[in-house]
Amino acid sequence: MHLSDTHLDRSGGPDADGADGTAALRRLLAELGHLHDLDAVVVTGDVADDGSQEAYARARGLLSDYAGRRGADVFYTTGNHDDRAADEDEMREVIEKLGPATAIRN
């Protein structure tokens with residue numbers, strides 16, 4: 001399964017424009033609950049909208065739970081919003097905490 005641009009943020013709720021990445025991801029995973037034969041969940045870019053540890057922890061929790069119940073691994077790539085971390089070493093550490101990771105750069 002391929003997901004992209006989850007844009008979770010520190011608050012875990014609606015942003016100033018009313019967008020709620022956490023609620024959207026929860027709804028999506030609930031709607032895809034019928035999928036059981038998955039090898040992997042691949043999340044390509046913009047896991048977090050604000051690059052916060054809270055957003056990455058929430059993403060890992062939601063996606064690892066969903067994939068784990070299906071015996072699937074989760075793989076992440078970074079996007080332009082994920083690059084808001086202070087420096088490249090910090091970003092690498094954050095993504096590695098999410099699980100198996102491949103960073104793709106232009």
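Is glutamate 54 buried, partly exposed or exposed? Glutamate 54 is partly exposed, with a relative accessible area of 38%. Buried here means under 20% relative accessible area, exposed over 50%, and partly exposed in between (1.4 Å probe, protein chains only).

This is a predicted model: local features need pLDDT of at least 70, side-chain atom pairs count only at pLDDT 80 or more, and totals for chains, interfaces and linings use all residues. Residues are numbered from 1 along each chain as its sequence is written, and side-chain values use heavy atoms, leaving out hydrogens and water.

**Fold.** The chain has 3 helices and 3 strands. Their order along the sequence is β-α-β-α-β-α. Helices (H or I, at least four residues) and strands (E, at least two) are DSSP runs, numbered from the N terminus. Of the 106 residues, 41% count as buried.

H2 covers residues 53-68. Its buried residues are Ala55, Tyr56, Arg58, Ala59, Leu62, Leu63, Tyr66 and Ala67. Seen down the helix axis, they fall within an arc of 165 degrees, so they line one face of H2. The arc is taken from the directions from the helix axis to the C-beta atoms.

The largest nonpolar core has 20 residues. Such a core is a set of buried Ala, Val, Leu, Ile, Met, Phe, Trp, Tyr and Cys residues joined through side-chain atoms within 4.5 Å. H2 gives the largest share, 7 residues. Leu25, Val41, Val43, Leu63 and Val74 have the most contacts inside the core. Contact means heavy atoms within 4.5 Å. Leaving aside neighbours within four places in sequence, valine 41 is in contact with residues including Met1, Leu3, Leu63 and Val74.

Threonine 22 lies in helix H1. At 1% relative accessibility, threonine 22 counts as buried. Beyond residues up to four places away in sequence, threonine 22 touches Leu8, Gly12, Arg58 and Leu62.

**Salt bridges.** The whole structure holds 3 salt bridges. Each is a side-chain nitrogen of Lys or Arg within 4 Å of a carboxyl oxygen of Asp or Glu.

| Pair | Closest N and O atoms |
|---|---|
| Arginine 10 and aspartate 50 | 3.8 Å |
| Glutamate 54 and arginine 10 | 3.4 Å |
| Arginine 69 and aspartate 65 | 2.9 Å |

Arg10, Asp50 and Glu54 are linked in a network. Glutamate 54 lies in H2 and arginine 10 in the loop between E1 and H1, so their pair ties together parts that are 44 residues apart in sequence. Arginine 10 is partly exposed at 49% relative accessibility. Arginine 69 is exposed, with a relative accessible area of 55%.

Terms used:
Expected span 1.5 Å × (residues − 1).
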